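Student: Hi! Could you walk me through this structure while I have it open?
Tutor: Happy to, let's bring it up.

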Amino acid sequence: MRITLTVNGDRVEQDVPPNVLLVDLLRDTCDLTGAKVGCDTGQCGTCVVRLGDRSVKSCQMLAVQADGAEVTTVEGLSGDGELTPLQEALWEEHGAQCGFCVPGMVMSLTDLLEHDSAPDEQAIRAGIAGNLCRCTGYGAVVRAVQKAVKDKS
Ligand code: FES
Ligand code: FES
């Protein structure tokens with residue numbers, strides 16, 4: 001099936017078999033490897049991207065379901081190598097985590113901050129409830145979001 005979507009501002013037109021996952025289209029066709037496949041069962045959140053103004057687990061969507069949509073991956077968040085305030089705060093608070101889990105966390109948290117400009121700790125933790133870290137935990141990530149919120153106010 002021929003689909004057309006916008007990925008990080010670029011138009012992508014592609015023939016895709018109906019069973020191709022959105023995450024595989026992004027990684028294999030668009031060469032955007034920020035979104036990872038950590039579980040393939042919707043549990044880990046490494047594949048989170050934004051579809052329009054909401055975050056989605058791209059391993060749980062077929063590419064054809066994104067036909068006509070605007071997709072943003074972690075690569076599309078910042079232009080010209082500039083980090084977003086959230087990414088800056090993650091860096092400064094040592095919440096950058098590993099390359100496997102953090103892209104999905106960044107996308108989930110970006111979504112959170114777009115819908116709630118001043119989330120409390122409970123809301124921050126709820127915002128990344130679908131993003132699993134298998135090693136370091138969530139403390140630095142929470143502090144980073146609090147910092148990003150504070151710096152903005
Ligand atoms: S790979 Fe999508 S939730 Fe784990
Ligand atoms: S899985 Fe990335 S830091 Fe834990």
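**Salt bridges, pocket and domains**

Tutor: Let's start with E114 and R50, whose side chains meet in a salt bridge, 3.0 Å from N to O. Keep in mind that this is a predicted model.

Student: Where do E114 and R50 lie?

Tutor: E114 belongs to helix α3 and R50 to strand β3 (residues 48-51), so this pair ties together parts that are 64 residues apart in sequence.

Student: And is E114 buried or exposed? What about R50, buried or exposed?

Tutor: E114 counts as exposed because its relative accessibility is 54%, and the cut-off for exposed is over 50%. R50 counts as buried, at 6% relative accessibility.

Student: How many salt bridges are found in the whole structure?

Tutor: The search finds 9 salt bridges. One of them joins the side chains of R2 and D15, at 2.9 Å from N to O. This pair links distant parts of the chain, with R2 in strand β1 (residues 2-7) and D15 in strand β2 (residues 10-15), 13 residues apart. R2 has 46% relative accessibility and counts as partly exposed.

Student: Which residues do salt bridges with shared partners join into one network?

Tutor: R2, R11, E13 and D15 make up that network.

Student: New topic: pockets. How much space lies in the largest pocket?

Tutor: About 200 Å³. Its lining consists of T84, P85, L86, T110, L113, E114, A148, V149, D151 and K152.

Student: Which elements give two or more residues to the lining of the largest pocket?

Tutor: Those are α2 (85-92), α3 (102-115) and α5 (139-152). The largest share of the lining, 4 residues, comes from α5.

Student: What is the make-up of the lining by class?

Tutor: The lining of the largest pocket has 5 nonpolar, 2 polar and 3 charged residues.

Student: Now the bigger picture. Which domains does the assignment give?

Tutor: The domain assignment gives domain 1 (2-76) and domain 2 (85-152). Their centres, taken over C-alpha atoms, are separated by 21 Å. In terms of contacts, 18 residues of domain 1 touch 17 residues of domain 2.

Student: Let me pick a residue: E70. Which strand is E70 found in?

Tutor: E70 is in strand β5 (residues 70-72). With 54% relative accessibility, E70 counts as exposed. Leaving out residues up to four places away in sequence, E70 touches T6, R50, L51 and G52.

Student: How far apart are E70 and D10?

Tutor: In sequence E70 and D10 are 60 residues apart, while in space they are 9.2 Å apart, C-alpha to C-alpha.

Terms used. Residues are numbered from 1 along each chain as its sequence is written. Chains are lettered from A and ligands numbered from 1 in the order in which they are written. This is a predicted model: local features need pLDDT of at least 70, side-chain atom pairs count only at pLDDT 80 or more; totals for chains, interfaces and linings use all residues. Side-chain values use heavy atoms; hydrogens and water are left out. On a 1 Å grid over the protein atoms alone, a cavity is a set of points where a 1.4 Å probe fits but cannot get out, and a pocket is an open set with protein on both sides within 12 Å along at least five of seven lines; lining residues have an atom within 4 Å of a point. Grid points are joined across faces, edges and corners, and a volume is the space filled by probe spheres set on the points. Ala, Val, Leu, Ile, Met, Phe, Trp, Tyr, Cys and Pro count as nonpolar, Asp, Glu, Lys and Arg as charged, and the others, Gly among them, as polar. A salt bridge is a side-chain nitrogen of Lys or Arg within 4 Å of a carboxyl oxygen of Asp or Glu. Buried means under 20% relative accessible area, exposed over 50%, partly exposed in between (1.4 Å probe, protein chains only). Domain bounds come from an automatic or database domain assignment. Contact means heavy atoms within 4.5 Å.
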